[in-house]
Amino acid sequence: MLRFILTRLGLVIPTFLGITFLTFLLIRLVPGDPIEVRVGERGIAPERLAELRREMGLDQPLWQQFLDYVGNVLSGDLGTSLVTRNSVLSEFATLFPATLELAFCAMLFSVLIGLPAGVLAAVKRGSWFDHGVMGLSLTGYSMPIFWWGLLLILFFSVQLGLTPVSGRLDLLYYIEPVTGFMLIDTLLVGETDAFWSALRHLILPTIVLGTIPLAVVARMTRSAMLEVLSEDYIRTARAKGLPQRRVIGLHALRNALIPVVTVIGLQVGTLLGGAILTETIFSWPGVGKWLIESINRRDYPALQGGVLLIATAVIAVNLIVDLLYGVFNPRIRHAR
Amino acid sequence: MTTETQSAATPATTPAPGRPPHPLAEFWYHFRQNTGAVIGLAVIVLIALTALTAPFVAPHDPNIQYRDAILVPPVWQDGGSWRFLLGTDDIGRDMLSRLIFGARLSLLVGLIVVTLSLAVGLALGLTAGFFRGIADTLIMRAMDILLALPSLLLAVVVAAILGPGLVNAMLAVSVVVIPHYARLTRAAVLAEASKDYVVASRVAGAGRLRLMLVVVLPNCLAPLIVQATLGFSTAILDAAALGFLGLGAQPPTPEWGTMLSSSLQFLQSAPWVVTWPGVAILVTVLAFNLLGDGLRDALDPKLKR
């Protein structure tokens with residue numbers, strides 16, 4: 001087991017170094033050097049420029065600069081935002097819970113609906129329900145989610161007035177962040193009204209962000225179930241006279257879950273990428289909206305740090321899924 | 001298996017008993033079974049024809065502003081007119097004509113992105129699969145790094161570095177999807193390279209380049225064709241998303257995503273300016289996904305019978 005964990009960890013290190021190199025290159029590829037970018041159109045005296053370059057280590061050879069950058073990153077220094085002058089890491093840390101909360105709800109939404117829908121579609125293969133689920137999921141998979149979000153706002157917020165248009169909470173309430181998760185924080189201080197407000201703010205963004213994962217989970221569950229249902233052990237279970245519910249729920253679903261869990265893990269990247277669009281539409285104060293704002297403000301250190309942190313989060317989640325996979329499936333653990 | 005059961009399975013395509021049907025005929029037979037895929041193909045052909053003949057079929061110039069017809073609703077709503085079937089936008093441009101010209105851009109984006117990423121991915125995958133060793137490790141590690149980034153995030157970053165614009169958006173989206181083609185090609189090459197026919201042509205004296213391009217490559221094409229079709233939909237969606245975020249095509253270009261974002265403030269008063277571009281994106285992407293699914297079923301020998 002230990003050997004399995006160490007091998008997987010060993011595979012992650014080059015990927016992480018590669019991402020660090022990529023984000024390091026990022027700021028060099030922007031036209032103009034970092035100081036000129038920082039100074040903007042104000043201009044700067046040549047001697048001051050040379051001094052700043054020396055201070056920031058820009059006169060060092062590139063490999064030396066890269067090593068310094070890796071050193072800084074490993075000690076948690078991701079630079080400072082050009083606009084707010086705050087440390088990029090702390091800005092990210094304040095906004096990330098909002099993104100996580102939304103991504104988590106979207107994941108829950110897609111699994112809670114996608115899994116049963118996929119199982120039912122497989123069991124009732126060829127029925128109108130199956131065709132409906134498959135058609136809807138292909139539509140969901142093809143959905144431009146920024147447009148989908150606007151349609152939902154138009155219908156539920158503007159026409160029906162059921163849900164708020166943007167933000168995380170009504171302006172009436174102020175909740176001191178403890179965990180950063182609005183649903184938990186409001187309950188911690190005992191403000192049930194604020195909790196309901198936070199929940200209503202979450203509904204539409206959750207649906208929008210969860211639509212593509214929902215489609216993927218439903219399709220994957222269906223095809224995994226179909227594969228498992230044709231196995232001999234299912235026929236055996238049926239022949240033993242076990243009730244249908246037990247055959248499907250216990251014998252088939254458990255085995256079909258393995259590829260489904262992998263796909264769910266892979267969707268984390270999609271969720272964090274989709275958060276860029278969803279957060280922009282709903283003015284959701286998370287890292288996705290912050291990244292787009294950083295681009296528009298030409299705040300390259302913030303962009304650089306944000307990309308590195310999001311990539312790290314994706315790598316970490318994939319690693320965890322990989323490890324869990326090994327824990328639950330001994331065949332993989334002992335494969336190499 | 002006897003010839004009788006074979007001809008029973010494919011009655012229409014079996015020309016003479018005992019002779020296998022032409023691969024294309026066999027492919028069409030399996031493809032035709034999938035109604036969704038046929039619909040997808042029909043829609044794509046229709047969109048492509050519209051895009052090609054845009055200057056003739058579009059009722060108006062996509063950039064002409066009719067000052068007397070600002071935010072006119074579609075023809076079936078109160079105040080709509082036959083002059084503008086799908087209504088006009090906030091500066092009086094005909095929605096239908098802009099959508100038709102937008103189809104050109106979206107299909108062009110799909111075509112260029114798929115060609116670029118397929119070419120680069122194919123080259124990388126062939127190199128990795130044939131030469132193995134250090135080249136393989138380096139290429140596949142680099143692909144893993146690209147895959148670790150959420151695709152839209154990577155596209156946004158690349159577009160931010162290159163600067164906004166349709167060409168840069170296409171480059172950004174191409175970079176993002178290269179790893180998929182590289183991995184598929186490498187896997188297919190590895191599966192084929194040890195087969196007898198490859199060994200035979202190597203023994204017969206075929207050079208490395210000939211082995212790569214003439215012997216092995218044609219037998220790796222099936223999964224790549226499927227991926228390329230699905231790649232159209234990813235490319236169109238991502239380019240529209242970049243347009244929506246202001247990092248893709250710039251106004252007044254009638255790109256669907258850009259059209260959507262530039263009329264956002266009229267979402268409540270004139271929903272059609274936001275609805276139509278989205279419908280266009282959805283229908284096009286859905287058609288390519290249907291076609292891709294159908295191709296996969298028709299080309300995948302495992303699922304065939």
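In this predicted model, B:F232 and B:F288 are both buried. The two residues form a stacked aromatic pair, with 4.6 Å from centre to centre and 10° between the planes. B:F232 belongs to helix 11 (residues 221-244) of chain B and B:F288 to helix 13 (residues 272-299) of chain B, so the pair ties together parts that are 56 residues apart in sequence.

Over all chains, 15 aromatic pairs are found in the whole structure. One of these has another geometry: the ring centres of A:W128 and A:F129 lie 6.1 Å apart with the planes at 85°, so this pair is edge-to-face. A:W128 is exposed, its relative accessible area being 72%, whereas A:F129 is partly exposed at 24% relative accessibility. The aromatic residues A:F21, A:F24, A:F66 and A:Y69 form one cluster.

Chain A contains 14 helices and zero strands, and its pattern along the sequence is α-α-α-α-α-α-α-α-α-α-α-α-α-α. Chain B likewise has 14 helices and zero strands, with its elements running α-α-α-α-α-α-α-α-α-α-α-α-α-α from the N terminus on. Along the principal axes, the C-alpha atoms of chain A fill a box of roughly 85 × 55 × 40 Å; for the C-alpha atoms of chain B, the box is roughly 75 × 50 × 30 Å.

Of the 336 residues in chain A, 47% are buried, while in chain B buried residues make up 50% of 305. The accessible surface of chain A is about 17300 Å², and carbon and sulfur atoms contribute 64% of this area. For chain B the accessible surface is about 14100 Å², with 66% belonging to carbon and sulfur atoms. Among contacts in chain A with a separation of 6 or more, 71% involve residues 24 or more positions apart. In chain B, 69% of the contacts between residues at least 6 apart in sequence join residues at least 24 apart.

Charged side chains were also counted. Chain A carries 27 positive and 24 negative side chains, and 15 Å separates the centres of the two sets. Chain B carries 19 positive and 17 negative side chains, with the centres of the two sets 11 Å apart.

A:R219 is located in helix 9 (residues 192-229) of chain A and counts as partly exposed at 25% relative accessibility. A:R219 and A:V260 are 41 residues apart in sequence, and their C-alpha atoms are 9.4 Å apart. A:L160 lies in the loop between helix 7 (145-159) and helix 8 (182-188) of chain A and is partly exposed, with 45% relative accessibility. Between A:L160 and A:R238 there are 78 residues of separation in sequence and 49 Å in space, C-alpha to C-alpha.

Several backbone features were noted in loops. Most residues other than glycine have a negative phi, and most peptide bonds are trans. A:R85, which is not a glycine, has a positive phi of about 65°. This arginine, A:R85, is placed in the loop between helix 4 (62-74) and helix 5 (88-123) of chain A, and A:R85 is exposed, with a relative accessible area of 54%. In chain B, the phi of B:R132 is also positive, near 50°. B:R132 is located in the loop between helix 5 (95-131) and helix 6 (133-148) of chain B and is partly exposed at 40% relative accessibility. The peptide bond joining B:P251 and B:P252 is cis, with omega about 5°. B:P252 is part of the loop between helix 11 and helix 12 (256-262) of chain B.

Key. Residues are numbered from 1 along each chain as its sequence is written. Chains are lettered from A and ligands numbered from 1 in the order in which they are written. This is a predicted model: local features need pLDDT of at least 70, side-chain atom pairs count only at pLDDT 80 or more; totals for chains, interfaces and linings use all residues. Side-chain values use heavy atoms; hydrogens and water are left out. Helices (H or I, at least four residues) and strands (E, at least two) are DSSP runs, numbered from the N terminus. Buried means under 20% relative accessible area, exposed over 50%, partly exposed in between (1.4 Å probe, protein chains only). Contact means heavy atoms within 4.5 Å. Accessible areas come from the Shrake-Rupley method with a 1.4 Å probe; for residues, only the protein chains shown count as cover. Lys and Arg count as positive and Asp and Glu as negative; His and the chain ends are not counted. The place of a charge is taken as NZ of Lys, CZ of Arg, CG of Asp or CD of Glu. Rings of Phe, Tyr and Trp (its six-membered ring) pair if their centres lie within 6.5 Å; planes under 30 degrees apart count as stacked, over 60 as edge-to-face and the rest as tilted.
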